[in-house]
Amino acid sequence: MARMTLDQLEIFLATAEHLHFTKAAEALYITQPAVSAAIASLENEYGVKLFHRVGRHIEITETGRLLQLEAQRILTQVTLTERGLAEFNDLQRGELQLGSSLTIGNYWLPAKISDFQERYPAIKINCTLANTEEICLGTANGRFDLALIEGEVKSDLTHCLEQESVGSDRLLIIVGRSHPWYKREAIELPELVETPWVMRESGSGTQQRFEEALRNWGIDLQILKVTLLLNTGEMVKAIIENSSAAAGISESLSRIYAPFFKNKTPSALSNPRLSSFRADVVIS
């Protein structure tokens, strides 16, 4: 029995994606007969049907779907293996799949990437931004080589991820010019439940840290007047700028938009660490 080859699997996956022999050939820069021959060779060798021919169109079979999943896994592992071998070459070449939570990725990470690229210009960096929960899951699944987050790794992922603190930032309560707190230097903790709030979505590292601070202050999140849940710091900033609500955001974001906002420190805050959060490296 002849062994299936990586070329055959690549051709099969392209055909399964496009469901068209000619389009698969164009995507791979090979001829259409070469695609047809590779698919026919797999079907004949293993006595299965991978595609149904319906007129001028094709449809993938259940057997084909099984092979599609396995072929994707195999080729992903081959890519990871090739990358791993390249990394032994003293960072002279290679590729880094980097994941980052949104706040870090937008305001802390760009300068670090620029510095890295100056030192290692031949290393290609592919950076994906999402909320902390998505980035942790992607790292655990092998999508990212390492990731940067400002929240906590969920307990069900701690067995497969390592976490190390590499930086720090502060979490600030901010209000816009139209808020009653804007001209005040400090507020009392009980006042936090009296104002509307704009918050980040569940899964956001910034939101995790804000909820942690509330717990440390003895404030139940459920009694706050949450009027909006948004999925980026930029959206929070835009809303707060012209509203009478408050928000908890990264100091890095606050510094950028300082003319529009006033940072508020609850006067009953006894431990400054409660308003700080970390930038963590997560490695699968």
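What share of the contacts in the protein chain with a separation of 6 or more is accounted for by residues 24 or more positions apart? The share is 73%, where contact means heavy atoms within 4.5 Å.

The model is predicted, so local features need pLDDT of at least 70 and side-chain atom pairs count only at pLDDT 80 or more, while totals for chains, interfaces and linings use all residues. Residues are numbered from 1 along each chain as its sequence is written, and side-chain values use heavy atoms, with hydrogens and water left out.

**Figure 1. Overview of the protein chain.** The secondary structure comes to ten helices and twelve strands. Helices (H or I, at least four residues) and strands (E, at least two) are DSSP runs, numbered from the N terminus. Of the 284 residues of the chain, 42% count as buried. Buried means under 20% relative accessible area, exposed over 50%, and partly exposed in between (1.4 Å probe, protein chains only).

Figure 2. H1 (6–18) has 13 residues and reaches 18 Å from its first C-alpha to its last, close to the 18 Å expected at 1.5 Å a residue. The expected span is 1.5 Å times one less than the number of residues. Gln8, Leu9, Ile11, Phe12, Leu13, Ala14, Thr15 and Ala16 are the buried residues of H1. These buried residues pack against H2, H3, strand E1 (51–54), E2 and H4. Just after H1, Leu19 takes a positive phi of about 50°, although Leu19 is not a glycine. Leu19 is found in the loop between H1 and H2, and at 33% relative accessibility it counts as partly exposed.

**Figure 3. The packing of H1 on H3.** The two helices pack at an angle of about 105°, with their axes 9 Å apart. Axes are lines fitted to C-alpha atoms, for helices over the stretch in contact, and angles run from 0 to 180 degrees between N-to-C directions. H1 and H3 are therefore roughly perpendicular to each other; angles under 35 degrees count as roughly parallel, over 145 as roughly antiparallel, 65 to 115 as roughly perpendicular and the rest as oblique. On the H1 side, Gln8, Ile11, Phe12 and Thr15 meet Ala34, Val35, Ala38, Ile39, Ser41 and Leu42 in H3. By class, the contact of H1 with H3 has seven nonpolar, three polar and no charged residues. Here Ala, Val, Leu, Ile, Met, Phe, Trp, Tyr, Cys and Pro count as nonpolar, Asp, Glu, Lys and Arg as charged, and the others, Gly among them, as polar.

**Figure 4. The packing of H2 on H3.** Helix H2 (residues 21–28) and helix H3 (residues 32–46) have axes 8 Å apart and an angle of about 110°. H2 and H3 are therefore roughly perpendicular to each other. Phe21, Thr22, Ala24 and Ala25 in H2 meet Gln32, Val35, Ser36 and Ile39 in H3. The residues of this contact divide into five nonpolar, three polar and no charged. Tyr29, in the loop between H2 and H3, has a positive phi near 60° and is a residue other than glycine. At 76% relative accessibility, Tyr29 counts as exposed.

**Figure 5. Ala25 in helix H2.** Ala25 lies in H2 and is buried, with a relative accessible area of 3%. Leaving aside neighbours within four places in sequence, Ala25 is in contact with Ile30, Thr31, Gln32 and Val35. From C-alpha to C-alpha, Ala25 and Ser36 are 9.1 Å apart in space, and they are eleven residues apart in sequence.

**Figure 6. Thr61 between strand E2 and helix H4.** Thr61 has its place in the loop between E2 (57–60) and H4 (62–87). At 8% relative accessibility, Thr61 counts as buried. A polar atom of the Thr61 side chain lies 2.6 Å from the backbone oxygen of Lys49, and a polar atom of that side chain lies 3.0 Å from the backbone nitrogen of Gly64. A polar contact is a pair of N or O atoms within 3.5 Å; within protein, one must be able to donate a hydrogen and the other to accept it, and residues adjacent in sequence count only if both atoms are side-chain atoms. Neighbours within four places in sequence aside, Thr61 is in contact with Lys49, Leu50, Phe51 and His52.

**Figure 7. Helix H8 and its ends.** The twelve residues of H8 (residues 205–216) should span 16 Å at 1.5 Å a residue, and the end C-alpha atoms are 17 Å apart, which agrees. Ser204 caps the N-terminal end of H8, with a side-chain oxygen 3.2 Å from the backbone nitrogen of Thr206. Buried residues of H8 are Gly205, Thr206, Gln207, Arg209, Phe210, Ala213 and Leu214. Gly218, which follows H8, has a positive phi near 75°.
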